[in-house]
Every structure is written in structure tokens, then in C-alpha cells.
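Me: Please take a close look at one part of this model for me: its pockets, and the aromatic contacts that go with them. Keep it brisk.

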Amino acid sequence: MHSSKLGFQANFATLSLALMPVTLWLLMHGYHGLTEDGQIYAFQALARLHPQLTADLYLQNTSQDQFTLFSPLYAWCIGLLGLEDAARLLTLVSTAWFLAAAWSFARSVSGREAAWLAVAFLLIIAGDYGAAGVFRVLDPFLTARLPAEALIITALACHVRGMNRLALLLASGALFIHPLVALPGLLLIVCLWVPVRVSVLGSIGCIFATLVIAVVAINLPTGSHMLSVMDTPWLDVVRERSQFLFLQLWTIHDWDINAKPFISLGVTAIAVTDDRIRKLCAAGALVGAAGLVVAIIGGLIGPVAILVQGQAWRWVWITVFIGAALVPLTALQVWRDRSAGPLCALLLVSGWTLPGIDGTVCISLALIFWLTRAQVSSHLTTHIRWVSAALGVAIVVWISMKFWVIVSPPTRSGRAPLGGVQIQDMFALRIPAVLLGVLVWWGTRAVRTRWVPMLISTMLIALSIGAFPAAFKQSRTLAAAADVHEFADWANVIPPTSAVLVAPPRDVGAFVWFTLDRPNYLTLNQSSGVVFSRATALEVRRRSEVLLPLMDPDWKIRSSLRALSGSRRKNEATTRPLTAKNLIQVCADPQLGFVIAQENVGFEPLRHEHDGVWKDWNLYDCGRVRSAPSAT
């Protein structure tokens, strides 16, 4: 009878632990459709089904689509399910795969108890790396990065379980999904396979080889294909559009974000007395540091195109993953120390999770306190405990104040009812999610009464049900049949390969790509490929000069950021109303086929009569504009 009660309790404890990542994902991530880079990958896949889209500037020259097998797989799923359903399914499958692989990895290196906390912590943290907030681990939208990360973590889990050859095979296979994401994972597995000394020598050799390649490249004759140096016109466009590719352009905040996982690995390596964990920390830090040095060399000498395109600074993603996955194990380990342990654990977790604070400083303080704990007197130990308690109380007070702002918004009818969106806003603070994870872990481990795991499971199910609608809310649905039908009048008069411009831009290119099923003339998303092709970069600049009568270049992100961060702000409008004169000017470019604008300036445009945000917008045929007497 006693054993049956223990089995019943164990089942509910396992259920609670399994529900925890599901609930956290619904509360903090969710799926909100094809956003950000997800639109670019969706367009690449759609172009394999609709060949006319290959005429788009983004795909005309060398692009990232030529280095992945993800697009054919994605296109196959789109053909079966449709764009949105395929994207949703692949995102959910890849996310579940990522989390399952992370649990398997964490269970092997830190035990079953810490494994669930590791998965929860990976869902809680921001996971940023690189600069300008462009990249993060575990994207909430579908890109090739997501399945590549899942495959690499699967390979890592296989390695720590002793399946070394399978790990190498899986990591090598990930190169065909996303080589930039897969390479650091493959390097990490190699570093774990060989002695640390060999790994260090290999990293030094990699850095030296990069330096040799850069020096050789700048001394080769101009026009060398494999080792071409980016000339000034190409380099200017790439720096303006993607300044995060060059480490010398990173801000202090960018360096702070990227330093955090390295210091965290240092804390783990010192606090956890396990040789396997310490080797994992050393390998993770070594791969990430080597990537940063390689990227610095590639960006400063030349710059050599292939080294800039390789984006070795993105190797830091594997450092972020290892560092974050080991935080729960580290926190549990240091907490047991009665002197500075609780304070170090709070600082370590806060450095990864508290928004609006310097995470690197917090984790650095944790490292300092841990290293100096042996020199701390008993009297000072008491003060440190009080500091730990004060820090905990301060965090609780801060969370309470934030909660009050969220649950009591100013309304005419009084306090608004607590809904799924408000619950998500609470958990966006991250610390409530940490407290939830601790509660679940404590309730399933420390408490021996059978009703506690049942209560926790019920609470998690209730939270999941409440968060579910908001977790799958989408602001728009791309390539929806109703939208395609609504704009069939425009699509029928636009030739399949004719480029279309929306002035002013209403999005980053999605309407033309997914609703009209036509190439864009120039959008922000198209300019993301300038680093891979000089021809694309120069054409982006040329087309933006053509459009100057209508709008300022939106791809000059670096200049925009400097204007916003400086003492002066841009007062001039970035777009200008359409007139007959500037329509004639932009339509003079034979690459521009059609213009969509709200103004009616003549030339017999095709007006959209359907009710909605596009009502009374006009489609101009540039061929007709060019042939009009007023255009000559």
C-alpha cells in the first residue's frame, strides 16, 4: 500500500515536471506566426513552388538559400499543408525537439532533477547573442536556425552519453541545414572528444590560419573569387545594413551580452567539482572565444568577404546554450555553501534573468564572492546572509510593484479582469517564471505529501489553458486565401516576374511576396542579403537612389541608430507623398514594374475597392507611366 502511494506521488511529480516547460513556453514564447526572419525563410521556400519569385532581387544573386537543405523540406511541407500550417507545424516540432534534446543533454551531465530546471531556464532567459538584438537561441518563429540548433543539441546529448560517432554524424548533418549554426556545435563535440590541450592548440591554429588567409587575401590580385576583399562600395552598404557583422562596431551593451555566458561558465567550472562539467565549460568557452577572435580578424583585415560572411561571432550561441543549461546545477551546488552560497546563487540567476540590469556585473560579483568566500570571517558571513535576504526581498518588492502595474491598468470601468495577456506580461519579467520553476521543483522533490504534486499539476494545467489563446495569437496570416482572392484584380494585371513597390512601405515586403505572389522592388528584408553578394549590395544602393523622390533608404540601419542615439534626432520625414512628378521619376527605372500608393495622381491606376486597410489604394503600371506624353 505504501509503495502504491509512492508510485502515485511519483507519477504526479513527473507530470508536474513535464508540464512545467509546456506552461513556460505558452506563457513566455508561444507561436505568433511568420515574423522577423521567419518571413525571409518562408519566401525562400515559397520561391521553390512559385518560380516567378526567383526574379526577386533577394534571390537573383548569391544568397543564404544556396547553403541549406531546409528550404526544399519547408517547400515540401508548404505544398502539403499550406504556408501558415507548415510554418506552425515545423516550429512546434523543432521547438519540442530542441527542448527534448536539451533535457537529454542536461540529464546526462547534471542529473534528472537539474535537467528539468535546465529546460525551464532555457525557456526563461532571453538567449541573446551577437549585436543589436538580432539573434537569440530558440527563435519563436521558423528559421533554419531552429532545427539546426535542435540537431546540434541532439548530437551533444549523444556525445555525453558515449555515442561519439553518432554525435559527429548528426553534427555534420546539421551543416546542411544551417552551416553557421552547425559549425560551432561540431567544433564543440570535437573539443570534447580530444584532450583540452589539443583543443587549445587547435583553436590557436584556427586563429592563426584565419590571420594567414586574411593577409594572403589582401595581397592577391583584385577579382580573386574565393578570397575576394570587400571593396569600399560593397563594404559601405554592408556596414550600413548589417553593422552587427563587424565587431569593431559593437556597442558596450553588445559586448556585455556576449561576455555574460563566458563568466557564467567560469562560475560553473569553479563551483562544480566534476571534471566532465569543467571540460564542457572549457570547451564551450573556447569555441565561443575562438569565434569572436576569428570574426575580429575577418572584419578588420580586408575585410575578406568569406570571413565576414562566415560570421564566426555566431559561435557564441553554443556558449550561451552551455552556460544557461548549467546555471541550475551551479545554483543548486553553490546554495549549499552557508557563507556566500545563497548570495552567489541569487546573483548568478539574476544576471541571466532580471531585465534592465547589467547581467555581466551580477555574474561577475557571484564569481568574486565565490572565490573569496574562504577568506570571509564568520562575522562578515552573517552580514552576507543579511545581504542575501535583502536582495531576495528587493526582488520580491520589485516584482510586486510590476505586478500591480500590470493587473491594475487605468480604465474607465475600474480594474480590468486578469487575462491571458496580463499573465504573459507578468511572466515576461522572467523572475516570476524562475519562482514558478523553483516551486514546481521544490513541490515535487522536497514535499512528501501526495496532494502537493496534484495541486501543482492542476495549477500548471490551469495556467496553460489560460495562456493558450494568447500564446497562438497572430497579428496577421500570410498568404491567406481570403487575402489572395481580395487582391486578385491586382495580381491578374501584374506579370509574374514584374517587381512591385509599395509606397510608403506598409511592411518589410510580406504583402507583395505572399499576397500578390510577386517580386518586390526594394524592401528592408531584401537588403538582408547584401553581405553574400556584391551585385545585390550595389543594386540595393542603386534602387534606393532611384526611390529618393519617394523615400529615404530604410536599409541604412546604422545611420538611423546613430541619429536616434545622438543628441539630435531626425525631424525630416522618411517618406514623401506620391505625385505625378516623382512617380514619373521612379518609374523611369525599367526594373520597376508597378507602384502601389494611396494617392491618385493620374495615369489611370487600378483602384482597390474592397473595404479594409487597402481601400482606395491605387496600382500604377510603370509601363503606362513611361509611355505617357508627360513622361517624355
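Reply: A pocket here is an open set of grid points, where a 1.4 Å probe fits, with protein on both sides within 12 Å along at least five of seven lines. The model is predicted.

Start with the largest pocket. Its volume is about 1000 Å³. A total of 42 residues line the largest pocket. Nearest its centre lie Met226, Ala305, Ile306, Leu307 and Gln309. By type, the lining of the largest pocket has 24 nonpolar, 14 polar and four charged residues.

Now the second largest pocket. It holds about 810 Å³ of space. Its lining has 32 residues. Ala331, Trp335, Val349, Val434 and Val438 lie nearest the centre. At least two lining residues come from each of α6 (112-124), α16 (327-335), α17 (341-353), α19 (378-407) and α21 (431-445). Here α21 gives the most, with eight residues. The lining of the second largest pocket divides into 22 nonpolar, six polar and four charged residues.

Next, the rings. The structure holds 24 aromatic pairs. One of them joins Phe43 and Tyr58. Their ring centres are 6.4 Å apart and their planes stand at 65°, so this pair is edge-to-face; the cut-off for that label is over 60 degrees. Phe43 lies in helix α2 and Tyr58 in helix α3 (residues 57-60), so the pair ties together parts that are 15 residues apart in sequence. Phe43 has 0% relative accessibility, so it counts as buried. Tyr58 is at 3%, so it counts as buried too.

Phe43 has another partner, Trp513. That pair is stacked, at 3.9 Å centre to centre and with 10° between the planes. It links distant parts of the chain: Phe43 is in helix α2, and Trp513 is in helix α25 (residues 510-515), 470 residues apart. Both Phe43 and Trp513 are buried.

Elsewhere, ring pairs link Tyr129, Phe135, Phe244, Trp250, Trp255 and Trp313 into a cluster.

Last, charges over rings. The charged end of Arg239 sits over the ring of Phe246, 5.4 Å from the ring centre. Arg506 lies over the face of Trp614, at 4.7 Å from the centre of that ring.

Key. Residues are numbered from 1 along each chain as its sequence is written. This is a predicted model: local features need pLDDT of at least 70, side-chain atom pairs count only at pLDDT 80 or more; totals for chains, interfaces and linings use all residues. Side-chain values use heavy atoms; hydrogens and water are left out. On a 1 Å grid over the protein atoms alone, a cavity is a set of points where a 1.4 Å probe fits but cannot get out, and a pocket is an open set with protein on both sides within 12 Å along at least five of seven lines; lining residues have an atom within 4 Å of a point. Grid points are joined across faces, edges and corners, and a volume is the space filled by probe spheres set on the points. Ala, Val, Leu, Ile, Met, Phe, Trp, Tyr, Cys and Pro count as nonpolar, Asp, Glu, Lys and Arg as charged, and the others, Gly among them, as polar. Helices (H or I, at least four residues) and strands (E, at least two) are DSSP runs, numbered from the N terminus. Rings of Phe, Tyr and Trp (its six-membered ring) pair if their centres lie within 6.5 Å; planes under 30 degrees apart count as stacked, over 60 as edge-to-face and the rest as tilted. Buried means under 20% relative accessible area, exposed over 50%, partly exposed in between (1.4 Å probe, protein chains only). A charge sits over a ring if NZ of Lys or CZ of Arg is within 6 Å of the ring centre and within 35 degrees of the ring normal.
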